[in-house]
Amino acid sequence: MYSNDSVIGTPFCNKSQNGNGTPNAFFAFGNPNPVLQMQGIVKEFAGTRALDEVDFDVRPGEVHALIGENGAGKSTLMNVLAGRFDDYTGLITFDGRQVRITSPRQARNMGIAVIYQELSVLPNFTVAENIMLGDEKAQRWTRKLDRASINAGARKIIEYLRFDLDPDEPVGQLSKARQCLVEIAGALRRNIRLLVFDEPTASLGSEDIDKLFGVIKDLRDRGLAMVYISHRLAELPIIADRVTVLRDGRMVGTKAITDCRISELTRMMLGHDLAEAFPQKTNRPGKVILKAEGLTRPGVFENISFELREGEILGIAGLVGSGRSEIVRAIFGADDARGTVEFRGRPIVGRSPSLCRALGIGMVPENRKREGNITGRTMAENLNISILDRLAGRLGFQSPRNLAAHATRMIKQMKIDPPRPQMDIQDLSGGNQQKVIVGRWLAAESKVIIFDEPTQGIDVGTKSQMYRLIIDLARRGRAIILISSELIEIAKLADRILVIRDGRLVREMQGRQTDEDALFAECGRKDKSE
Amino acid sequence: MSNDTKKPYAQRIRGALSFRKLQQASILLLLVGLCAFASYRSPTFFTWTNLVDNLLTNAAALGVIAIGMTFVMIAGGFDLSVASTTVVCSVVLVLTMDVLSPYGAAVAIPAALLLTALVGIVLGAANGVLIAYVGVNPFVVTLSTMLVFRGLALILTGGGQAKQVADIPLRNQFNWVYDAQLPLFGQSCQVSMPIVIFLVTFCLGIYLLRFTRFGHYLYAIGGNEEAAWLAGVNTHRIKAATYVLCGFTCAVAAAIFVAMTATAQAESHVGKELVVIASVIVGGTPLGGGSGGLTSTLIGLLLLRVIDNLLTQFSIGAEYRKVVTGMIIIIVVTVDVLAKKRSRK
């Protein structure tokens with residue numbers, strides 16, 4: 001119903017007038033009208049404005065990048081577009097028609113497809129079956145499924161898109177990047193007018209990123225409108241035509257990519273120079289406290305060895321999917337791995353999170369929601385969980401007074417605001433949740449604290465507090481391992497940096513010698529040997 | 001990423017021979033091995049009487065339910081209420097035959113069978129609507145309906161007295177559902193009616209599952225329900241349909257049970273739902289769905305029955321048989337979990 005107007009070619013839609021399904025262009029060129037126009041979009045969550053009067057438009061044959069910090073509202077804006085909310089206000093014009101998008105399915109039918117980071121392919125189906133899902137033909141009386149048409153249809157699309165895919169291969173066996181291609185092909189079959197990529201490169205290696213960029217450029221040259229969400233600014237000059245920056249739910253501006261520099265975009269994203277958020281470093285590394293040797297998990301990381309000193313901040317830099325989180329999970333005993341980890345010169349036998357906690361190793365995990373918060377419990381309970389044994393009175397009974405006193409102390413120390421220990425942790429902001437989890441390990445008096453993406457999804461103010469906290473911990477002799485996708489954090493905070501690429505430790509750098517851009521180049525660099 | 005399709009041929013073959021297939025093959029091998037062992041140790045095992053008359057005929061009714069359960073489980077669902085549904089159907093069948101008997105067998109039996117099928121479908125639909133459309137967890141829904149249906153059967157029989165088919169005038173006209181022997185392989189090797197019913201249902205099921213769009217979508221929903229829904233698959237209707245199908249297979253099984261035991265008792269078949277689910281899982285359809293199939297369910301069912309039969313032949317008590325059955329489920333599922341862990345690494 002939203003298709004087949006004058007300018008639109010519909011390459012694969014079976015209902016198109018172009019009955020033989022001959023591939024043609026997605027759109028006529030030279031069409032100045034935007035495919036999508038969003039005006040004054042407002043979306044509130046429980047009283048706070050996640051989107052405040054945001055305008056956004058995409059033209060045919062354009063890649064429009066949408067950037068902003070975590071929590072700036074870029075995902076919320078795209079979720080409005082994908083039909084995940086029905087209570088937004090504002091105008092959306094799609095294909096020249098004013099629309100209200102209230103369900104994901106409606107968005108799909110209109111011609112909007114979102115390729116999320118978490119791909120939604122069917123691992124148990126073949127490439128062809130995935131691409132043609134929802135459009136299978138069946139015979140009239142026997143209701144027999146027409147498998148030949150599935151394969152033929154898929155083959156046609158794959159050829160048209162020039163994707164490097166085998167229609168008969170089960171999708172579960174493909175690499176992440178190829179699964180992404182399958183999802184793109186499946187979306188484009190359905191007469192898609194607007195394709196949204198939500199951080200597509202976050203889990204891809206550098207070769208796959210190149211390949212994906214090739215595909216995106218090809219689609220753009222054929223006239224498809226695309227939105228590209230990212231927080232990796234370095235990618236934008238390669239892939240985007242225009243950039244819109246969001247900050248705290250508001251639009252900072254839209255610019256042609258040729259008109260702006262990365263540093264300018266950074267300032268637009270943050271509202272100030274990021275460097276200002278970093279406090280002076282005052283810590284001094286001491287003697288070795290943790291030593292990893294030959295850590296190996298086949299297919300994930302290989303032969304990782306390093307030392308960590310008291311009072312040292314050790315940064316681990318690498319792209320998502322390079323194995324950096326898996327390495328620290330292995331140290332913490334959350335995953336099995338070969339190799340040894342020594343703590344104060346003695347190997348830790350049978351690593352497990354509970355043993356590490358007892359020794360004094362703590363971890364602030366990457367995924368707060370899944371691995372950190374004990375949801376449905378109060379702030380106080382979440383703060384106390386790691387030291388319940390120590391707070392317990394005689395016979396192991398928990399004394400409510402001890403628990404409450406300790407929680408109050410930690411809330412004060414972590415500057416959690418509002419200081420209400422009985423609040424459900426789910427109702428706290430991302431920054432406060434993170435403070436609770438950090439507080440948990442402080443309480444356990446951990447000697448080594450692993451921070452995996454500690455500033456993910458928290459606002460700049462809290463970030464700054466988090467930096468100060470990390471440096472302060474190091475100054476007081478705690479050893480810190482820091483992982484972050486925001487390479488500037490590693491460059492500014494770490495004393496030493498391990499660069500991980502494709503599961504291998506490729507370089508060790510001194511923190512003071514490097515900056516964000518050099519680190520990015522280091523993490524994403526291709527191995528010439530391959 | 002370009003090396004995915006350019007992998008050496010041998011490697012791609014190995015990929016195709018996935019662990020799941022190997023696991024299924026190993027269960028088949030286990031089944032064959034057990035049969036071989038059984039016929040070596042016990043002279044009566046590999047006889048037509050034991051295998052077909054005894055083992056298969058007894059397995060047929062539960063096998064029919066297992067077919068319905070396989071549909072439910074491939075789409076990622078779960079049905080604990082099958083035994084209770086079967087009991088309600090049995091009671092309805094006997095009661096209607098009793099009530100309608102004055103009209104003669106030609107009217108009463110088809111009418112009663114029709115009504116029973118309808119009851120099975122309605123009970124299944126109740127599960128299906130609650131699970132697929134309302135969105136309540138299948139475990140909770142079917143655990144509750146398991147109790148509700150069982151209570152319904154008790155109410156219908158006035159507090160749980162057995163309804164004897166022997167008490168109703170039509171009993172001789174209905175016995176064929178169990179007693180009829182079809183001389184498929186000559187007079188000495190006859191096949192009983194329950195087996196025929198099972199085979200017919202099985203073939204229909206295979207057709208639905210493997211060759212229709214409906215079957216295709218069941219795997220899609222089991223694989224990733226959200227993706228299937230976004231692709232335009234009516235996941236609600238299809239999920240609900242699996243429970244309806246399952247309810248219908250319970251009605252079919254009820255007819256076999258009534259003919260076999262000549263009675264409908266509200267308190268029979270307790271715990272049979274677990275046997276059915278066990279055979280589906282042992283066969284290789286995982287909890288959560290997305291893969292598996294009817295052949296694997298058949299293998300799972302036969303494996304459990306053969307072990308049961310074998311233990312009976314060695315006169316090992318029912319209490320030990322329960323232990324063994326439970327342990328086999330654990331072993332099979334553990335192997336599956338370990339295999340998945342390994343293939344992920």
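This is a predicted model: local features need pLDDT of at least 70, side-chain atom pairs count only at pLDDT 80 or more; totals for chains, interfaces and linings use all residues.
Colleague: What is the phi of A:Asp95 near?

Modeller: Most residues other than glycine have a negative phi. For A:Asp95, phi is near 60°, a positive value. A:Glu453 also needs a look, with phi near 50°, again positive in a residue other than glycine.

Colleague: Where is A:Glu453 found, and why does A:Glu453 count as buried?

Modeller: A:Glu453 is found in the loop between β17 (448-452) and α16 (460-475) of chain A. A:Glu453 is buried because 22 other C-beta atoms lie within 10 Å.

Colleague: Now a helix residue. Where is the place of A:Ala443, and which residues is A:Ala443 in contact with beyond its sequence neighbours?

Modeller: A:Ala443 is in helix α15 (residues 430-443) of chain A. With 22 C-beta neighbours inside 10 Å, A:Ala443 counts as buried. Leaving aside neighbours within four places in sequence, the contacts of A:Ala443 are A:Leu383, A:Ser386, A:Ile387, A:His406 and A:Met410. Sequence separation and spatial separation should be read together: A:Ala443 and A:Asn384 are 59 residues apart in sequence, while their C-alpha atoms are 7.7 Å apart.

Colleague: How does A:Val300 read, by location and by contacts?

Modeller: A:Val300 lies in the loop between β11 (288-297) and β12 (301-309) of chain A. A:Val300 is buried, because 20 other C-beta atoms lie within 10 Å. Not counting residues up to four places away in sequence, A:Val300 touches A:Gly323, A:Glu326 and A:Gly503. As for A:Ala444, 144 residues from A:Val300 along the chain, the two C-alpha atoms are separated by 30 Å.

Colleague: What does chain A give as a whole, in domains and in helices and strands?

Modeller: The domain assignment gives domain 1 (36-268) and domain 2 (276-524), and 33 Å separate the centres of these two domains, taken over C-alpha atoms. Chain A has 18 helices and 20 strands. Of its 530 residues, 46% count as buried. Among contacts in chain A between residues at least 6 apart in sequence, 67% join residues at least 24 apart.

Colleague: How many residues of chain A are in contact with chain B?

Modeller: The size of an interface is often given as the accessible area lost when the parts come together. Here the description is by residue contacts: 28 residues of chain A are in contact with 24 residues of chain B. On the chain A side, α2 (104-110), α5 (176-189) and α6 (206-221) each supply at least two residues. By class, that side has eleven nonpolar, six polar and eleven charged residues.

Definitions and conventions:
Residues are numbered from 1 along each chain as its sequence is written. Chains are lettered from A and ligands numbered from 1 in the order in which they are written. Domain bounds come from an automatic or database domain assignment. Helices (H or I, at least four residues) and strands (E, at least two) are DSSP runs, numbered from the N terminus. A residue is buried if 20 or more other C-beta atoms lie within 10 Å of its own, exposed if 12 or fewer, and partly exposed in between; C-beta atoms are placed from the backbone. Two residues are in contact if their C-beta atoms, placed from the backbone, lie within 7 Å. Ala, Val, Leu, Ile, Met, Phe, Trp, Tyr, Cys and Pro count as nonpolar, Asp, Glu, Lys and Arg as charged, and the others, Gly among them, as polar.
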